[in-house]
Amino acid sequence: MPWCPVCKNEYREGIKFCADCQAELVEKLEEESESGPDEAEALRASAAVMFESGEVFPEDEFDGTPTEKPAEYQTYHNSAVQAEDNRTSAYTLFFVGILGFVLDILVFMNVVPVFRSADTTRYFVCGIMGAMFILFIVFGVVSMRNSKILLVQAKSEDTLLSELQKWCRENLHAEQIDAGLFDEDMPEEQKYFKRADKMKEIINNKFLNLDQGLLSHFVDEYYQELFESE
């Protein structure tokens, strides 16, 4: 049985590359003393270069069938959630900045007797602390402005998602997606990826210049409505 020389995983016959680190499999593992951490790291780096250059895909066969290099996944960041986070940060920065600046002035004027005399140390410390609290207030203003911008984006996203959902309910059906896409005995996980890719292709052809992170988020949710509610 073939083994991965990097992560020491065992694979069945016919597989040529490791699914985790993309290293080329070997028939048997060398002794631990002969394969130190430097050699393992070199193998991993070499495998990563082959993976990025496309030399491993699609010739490698992890499950007995040709595999394409997976597409880069783009994360969806909900603008409404980001707006709320920025607004909360703004309020916190305003509170700390204003309170700290007032306290700094009181210390500087010796209303709060932290320093015994009006020496250079008091001026220096109060100056530095005052500048820091002013920065807090400035960052609060920036966060509040970003929050307003993100709220506008959130409204636009909600409108787009509603439009996508309406169009898909009228034009995108489970039978249409599954037609000739896979064999019935294919595992459910592979069915999901094939269905999701086809859904994205159809939607991209209808709605141009869609944010792919937003599209992936929508497809994940609409997939449940389309297939898992059956």
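## Salt bridges in the model

A search of the whole structure turns up 4 salt bridges, each defined as a side-chain nitrogen of Lys or Arg within 4 Å of a carboxyl oxygen of Asp or Glu. This is a predicted model, in which local features need pLDDT of at least 70, side-chain atom pairs count only at pLDDT 80 or more, and totals for chains, interfaces and linings use all residues. Residues are numbered from 1 along each chain as its sequence is written, and side-chain values use heavy atoms, with hydrogens and water left out.

## Pairs within one helix

Let's start with Arg-87 and Glu-84, whose side chains form a salt bridge at 2.1 Å, N to O. The two are 3 residues apart in helix 2 (residues 79-108), so about one helical turn separates them. Helices here are DSSP runs of H or I with at least four residues, numbered from the N terminus. Arg-87 is partly exposed at 22% relative accessible area, and Glu-84 is partly exposed too, at 37%. Partly exposed lies between buried (under 20% relative accessible area) and exposed (over 50%), using a 1.4 Å probe and protein chains only.

Helix 5 (residues 188-206) holds Glu-188 and Lys-191, which sit 3 residues apart, or about one helical turn. Their side chains meet in a salt bridge at 3.4 Å, N to O. Lys-191 is buried, with a relative accessible area of 7%.

Glu-225 is partly exposed at 33% relative accessibility, and Arg-169 is partly exposed at 47%.
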